[in-house]
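Good morning, and thank you for making time for this presentation.

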Amino acid sequence: MPSRRTHSKSHHGCDQCKQRRIKCDEVRPTCGSCRKKTLACVFKSVGPVLASNLPNLATDIVRRDQPPSLPLQDLELMHHWHTATVDTLDSAKPLQDVIRIAMPHEGLRNPFLMHSILAVAAVHLAHSTPADRRQGYIETAMMHHNRSLTLCAPFVKNITRQNCHALFAFSCLVPIFVFASQTSRMSPRTQSLAEVVETLKLIRGISSVVEQARPWIEEGPMHPLLRVGKFHHPSEVDEQHAQRLYSKLQTLEENLLLSPVTEESLARRDIPRDAVQWLRHMLEIYIDTGDSRALMAWPVLVDAAYFDLLLQKERISVLMLGFFGSSLEVRPQRWWLDGTGQGLVALATENLSLADREILSSNLSIAK
């Protein structure tokens with residue numbers, strides 16, 4: 001009987017290959033299998049020193065005569081981030097400085113944040129570049145975004161004083177990317193109510209990092225981003241549209257308080273009413289300060305049960321989605337919200353009675 005071929009068993013493979021029970025080629029820092037599947041590759045053991053890893057003088061001499069390989073596309077994205085994208089994300093100079101300088105600095109220590117920065121820069125380029133080059137930037141943007149979500153997942157479950165600053169910056173960029181990737185220029189398909197709810201829940205979930213780590217964030221380089229209303233000016237407000245929207249929300253809230261309810265329907269009334277109050281409060285902050293970030297906080301502030309009522313097409317909940325869309329038309333136009341407000345109003349309109357449709361359409365017409 002022929003002897004069985006023997007082979008040495010390696011104990012230095014990455015954690016991902018061990019979990020999947022496949023052979024790892026042990027190439028560091030990212031093995032071949034993880035590179036193909038774009039997984040975060042983690043080695044917990046120190047690999048053996050192989051002859052192939054030792055410096056080769058002849059190879060080293062040849063390499064010295066060759067130009068170094070640079071990640072030119074990533075460099076292009078980072079250049080665009082610094083010279084173009086940052087100025088479109090906020091009009092306040094102190095916040096631009098945080099976004100331009102502090103965020104990339106944190107990104108150097110936290111790859112998930114760096115991928116998120118590159119994703120937003122790529123999607124901005126996709127919006128501003130000619131149509132024949134757009135698809136390449138879209139694919140690059142999605143690659144960086146997906147990579148950032150994968151790398152971030154373990155940290156969201158374990159927020160610390162060290163990683164909270166990068167996580168907070170990440171939570172600021174995710175809504176921008178999500179909304180930007182759903183504009184008509186990027187995705188001509190109209191979103192369903194379920195897809196909109198998933199988007200708002202993602203933003204809500206990512207932003208929960210602030211609740212858990214606010215004292216730490218206050219001490220770090222991202223703290224100016226927490227100062228809603230401090231760095232803007234009311235002159236930026238479309239006051240006529242904002243005041244009309246505010247009055248409509250106030251009237252809606254008063255009507256809810258006067259409407260008869262049973263004990264069974266009380267909870268169903270209170271949740272949408274709270275959503276009305278939160279949007280009215282955020283709109284008031286925007287009118288007083290000119291800081292449109294207050295409006296973007298609404299999906300984070302409403303009760304989680306609101307989204308269940310929205311999926312059930314409860315009347316006030318659907319109306320509030322339309323009013324939120326209309327509030328996005330109040331703020332100064334941003335490329336990453338291009339058409340988003342009108343899209344939300346249109347979606348809400350499809351699920352409302354004729355009388356409620358008139359309420360939304362009359363409000364949106366002021367913004368056009």
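In the whole structure, which is a predicted model, a search finds 5 aromatic pairs. I begin with the pair formed by Phe 112 and Phe 155, whose ring centres are 5.4 Å apart and whose planes stand at 35°, so this pair is tilted. Phe 112 belongs to helix α6 and Phe 155 to helix α7, so the pair ties together parts that are 43 residues apart in sequence. Elsewhere, Trp 298, Tyr 306, Phe 307 and Phe 324 are linked by ring pairs into a cluster.

Let me turn to helix α7 itself. This helix runs over residues 131-156, which is 26 residues. From first C-alpha to last it reaches 36 Å, close to the 38 Å expected at 1.5 Å a residue. Which residues of α7 are buried? They are Arg 134, Tyr 137, Ile 138, Thr 140, Ala 141, His 144, His 145, Arg 147, Ser 148, Leu 151 and Cys 152.

A polar atom of the Thr 140 side chain lies 3.0 Å from the backbone oxygen of Gly 136. Leaving aside residues up to four places away in sequence, Thr 140 touches Gln 73, Leu 77 and Ala 122.

Finally, I come to backbone angles. Most residues other than glycine have a negative phi. Arg 21 is not a glycine, yet its phi is positive, at about 55°. This residue sits in the loop between α1 (15-20) and α2 (32-36). Is Arg 21 buried or exposed? Its relative accessibility is 78%, so Arg 21 counts as exposed. Lys 313, also a residue other than glycine, has a positive phi near 60°. Lys 313 is placed in the loop between α15 (305-311) and α16 (315-330), and at 47% relative accessibility Lys 313 counts as partly exposed.

Thank you for your attention.

Methods:
Residues are numbered from 1 along each chain as its sequence is written. This is a predicted model: local features need pLDDT of at least 70, side-chain atom pairs count only at pLDDT 80 or more; totals for chains, interfaces and linings use all residues. Side-chain values use heavy atoms; hydrogens and water are left out. Helices (H or I, at least four residues) and strands (E, at least two) are DSSP runs, numbered from the N terminus. The expected span of a helix is 1.5 Å times one less than its number of residues. Buried means under 20% relative accessible area, exposed over 50%, partly exposed in between (1.4 Å probe, protein chains only). A polar contact is a pair of N or O atoms within 3.5 Å; within protein, one must be able to donate a hydrogen and the other to accept it, and residues adjacent in sequence count only if both atoms are side-chain atoms. Contact means heavy atoms within 4.5 Å. Rings of Phe, Tyr and Trp (its six-membered ring) pair if their centres lie within 6.5 Å; planes under 30 degrees apart count as stacked, over 60 as edge-to-face and the rest as tilted.
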